[in-house]
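Have the sequence and the 3D view open side by side as you read.

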Amino acid sequence: MILEVQNLNASYGAVRALKDVSLGVAEKGFCAVLGANGAGKTTLLRTLTGLHRAAGGRVLLEGEDLTRLPAERVVTRGLAHVPEGGGVITELTVEENLRLGGLWRRRRDRVALDEVLDLFPPLAQRISKSASTLSGGERQMLAIGRALMSRPKVLLLDEPSLGLAPLVTRQIFDLLRELRSSTGLTVVLVEQNANGALAVTDSGFVLNQGSVVASGPSAELLSDDRTRHAYLGF
Amino acid sequence: MTTFLNLTLNGLATGAVYAALALSLVIIYQATRLVNFAQPALALVAVYIAYTVSQMTGSYWIGFVAGLLSGLVAGALVERVVIRPIAKSSELNAIIVTLGLLLIVQGGVGMIWGNRQHGFPYAFDYVGRFSPADVFAVASVAVTALLLFGLYQFTPLGLRMRAAAFRPEAARLSGVKVGLMLTAGWAIASLIGALAGMLAGPPFISPNAFDGVFVYGITAAVIGGLDNPFGAVLGGVLIGLGMSYVSGYAGPELATLAALAIVVLVLSVRPDGILSRPAARKV
Ligand SMILES: Nc1ncnc2c1ncn2[C@@H]1O[C@H](COP(=O)(O)OP(=O)(O)OP(=O)(O)O)[C@@H](O)[C@H]1O
Ligand SMILES: [Mg+2]
C-alpha cells in the first residue's frame, strides 16, 4: 500500500465528519472514494493533505507519517491534492498556475512543464492567457496539470467532474487512467458520480456519514445491488 | 508657461512621496485586505533611526540605508508579533490594532527622541525648481515601483506572494508557505514606507511629521484602487499634481480641498478606484 489511512478522525466543532476511517491504496492503483453529499469525502482529502487537522489516526505515504505535516509540506512528500472546484488561480496566467505547482523544487523543471503541456494541448495553446479565460473543462485540466508539476507519487482529486459535461468528464477520467498506466502514478478519485467513477477505477471505498461502509474492487461494488441502492443512488 | 512647468514638476515630486506611501498600503491590502494605519508609525521609526545613524556616522547615506533596513525589519516584526495573532479573530480588530499601534509608536518615538523637531536633511540640494532633491524623490520612487513590478511579475518569490494573496489554500497545496509570504509582504511594504518617510521628512521631523502625508497617501491608494500597485502610483501623482496646480493658481489654502475634490470626482465615476479590477470571483 503506497497510501495508508489508519483510523482517521476529523471534526468541525461538535460535528464528527470522519469516524475511524481506514483505507489503503495500492501502488499504481486507481481508486474511487464515493458517497452522497456530506458523506465526508472532501473532509477526508483535506485531512490527508493537512488542510484540516486530524483529530486522531494516521496518514502514511510509503510508510512515512504525514499526519501532522502542514499542507505546504505534504505536497513536497509526494501527495498532491486537486481541491474541490480545482483551485485554479484566475488572477494568474495559465503558465504561472503551472509553474506554481513545481515551484517548491526550486530548480526550474522545464521537462515537467513540457510533459503537462503535451498531456493537455488546450493549455499549450493558451499558455500566456489569464486562467480566467479558460472553460470549465480546461480549468480542471489546469488544476490537474498544476498538481502534476509537483511530480507527485499519489494524486488526490476532489470531484473533478463537478459542473462538466458528461463527455468532458469521460475524457478526464480516461486521461487519469492513461496517466496511471504511462507514469505509474497512483490516483485517488473522489466522486459523487459513482457510476462513471467505478467504470474507470479498479477499486473503491464508499463513505457514509463519515464512515467507510463498503469497499472492494470497482466491478464488485458496481454489481453489489445493496450498496448501490443504499449509498450510491443508482 | 513656466509657472505651469514649475507647478507640474513640484506636483510630481510631492506626488512621488504619496505614491510610495500608497504603494506600501496597497501591498499590504492586496495580501491581507487590511488598511495598515500603522504605516506612518513604521516610517517614523525608520526615519528616526536614519536620523540617529546619520548623526553617529556623519553620513546621510549610511543613515538612509539603515532607515530602509529598519523599515523592512519593523514591518516583518509587526506582522509576526502583532498582526498575525489577532488577524485570526477579525478584520475589524486588526484595523483597530494598527490604529492603536500608530498611537503607541508615536508616543514611544516622542519618549525616546523627544517631541521637539529635529533637523532632517534632504538627500540632495533642494533649492530651485525641480531641485536635485526633487529629482531624487521622483527617480527613487519610480525605480522602486519598477523593481516591485519586476519582483511580483518575474520572480518565483513574486509568484508565491501573488498566489498566497489571491488563493491562500491553493497556494498551500502547491507548497507555498503562505505565512512567510505575508511577512515578506509587510517587510517590503514597510521598506517602501520608510523610503516615503525619508523623502517626506525634510527639513524637520517630529512624532507627528507624517500625519498629513499619510492622509494623502491613503487618498492616493483609494482613488487608484486599493488593490492595484499601478493605481497607487497613478493616484499619488494625480493628488500631487492636483494639489500643486490648485495651490499655485488658486492659493495654497485650497490645496486640501483640491485633494478632496479629486477623491469625490474619481470615486463618483469609478467607485472602486481608477484601476481596481472587477471584484474577484469568490469560490
Ligand atoms: N467548514 C465546515 N464547518 C462545519 N461543518 C462542515 C464543514 N465542512 C463540512 N462540514 C460537514 O462535514 C460533513 C462532511 O462534509 P464534506 O464536505 O466532507 O462532504 P462531501 O462528501 O465532500 O460532500 P459533497 O459531495 O457535497 O462535496 C458534512 O456533514 C458537512 O456538513
Ligand atoms: Mg465534497
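Six residues of chain B make up one aromatic cluster: B:Y60, B:W61, B:F64, B:F120, B:F124 and B:F136. Keep in mind as you look at them that this is a predicted model. Over all chains, a search of the whole structure turns up 15 aromatic pairs.

**Helices of chain B**

Next, look at the helices of chain B. The UniProt record, an unreviewed entry, places the feature "transmembrane region" at several stretches of chain B, including residues 12-29 and 34-54. How much helix does the model show over residues 12-29 of chain B? That stretch is 100% helix and 0% strand, and its end C-alpha atoms lie 24 Å apart. Over residues 34-54 of chain B, the chain is 76% helix and 0% strand, with 33 Å between the end C-alpha atoms.

Now find α2(B) and helix α8 (residues 178-200) of chain B, which pack at an angle of about 60 degrees with their axes 8 Å apart. Their crossing is right-handed. On the α2(B) side, the residues that meet the other helix are B:Q39, B:L42, B:A43, B:A46, B:V47 and B:A50. On the α8(B) side they are B:A189, B:S190, B:G193, B:A194, B:G197 and B:M198.

If you follow the chain into the loop between α8 and β2 (204-205) of chain B, you will come to B:P203. The peptide bond that runs from B:P202 to B:P203 is cis, with omega near 5 degrees.

Is B:V237 buried or partly exposed? Its relative accessibility is 23%, so B:V237 counts as partly exposed. Beyond its neighbours within four places in sequence, B:V237 is in contact with B:L12 and B:G15. B:V237 and B:T2 are 235 residues apart along the chain, and their C-alpha atoms are separated by 20 Å.

**Strands of chain A**

Let us turn to chain A. Here 4 strands form an open sheet in the order β2-β1-β4-β5, with antiparallel pairing. Why is one side of β2 (15-25) and of β5 (64-65) of chain A left without a neighbour in the sheet? Both stand at the edges, where each has a single partner strand, so one side of each has no neighbour in the sheet. Helix α1 (residues 41-48) of chain A packs on this sheet and touches β1, β2 and β4 of chain A; its direction makes about 115 degrees with that of β1(A).

| Strands | Bridges | Direction |
|---|---|---|
| β1 (residues 3-12) and β4 (residues 56-61) of chain A | 5 bridges | antiparallel |
| β3 (residues 30-34) and β9 (residues 203-208) of chain A | 4 bridges | parallel |
| β9(A) and β10 (residues 211-217) of chain A | 6 bridges | antiparallel |

A:N9 stands opposite A:G56 in β4(A), and the bridge partner of A:C31 in β9(A) is A:S203. A:N208 stands opposite A:S211 in β10(A).

The hairpin of β9(A) and β10(A) has 2 residues between the strands, and there A:Q209 takes a positive phi near 45 degrees, although A:Q209 is not a glycine. A:Q209 is exposed, with a relative accessible area of 56%. A:K28 also has a positive phi, of about 60 degrees, without being a glycine. A:K28 lies in the loop between β2 and β3 of chain A and is partly exposed, at 49% relative accessibility.

How values were computed
Residues numbered from 1 in each chain as written. Chains lettered and ligands numbered in written order. Predicted model: local features only at pLDDT ≥ 70, side-chain atom pairs only at ≥ 80, totals over all residues. Heavy atoms only, no water. Phe/Tyr/Trp six-rings, centres within 6.5 Å; stacked < 30°, edge-to-face > 60°. UniProt positions renumbered as here; feature names shortened; annotations may be inferred. Pairing = 2+ DSSP bridges. Contact = heavy atoms within 4.5 Å. Axes fitted to C-alpha atoms, helices over the stretch in contact; angles between N-to-C directions. Left-handed = near helix turned anticlockwise from the far one by under 90°. Buried < 20%, exposed > 50% of the residue type's maximum accessible area, 1.4 Å probe, protein only.
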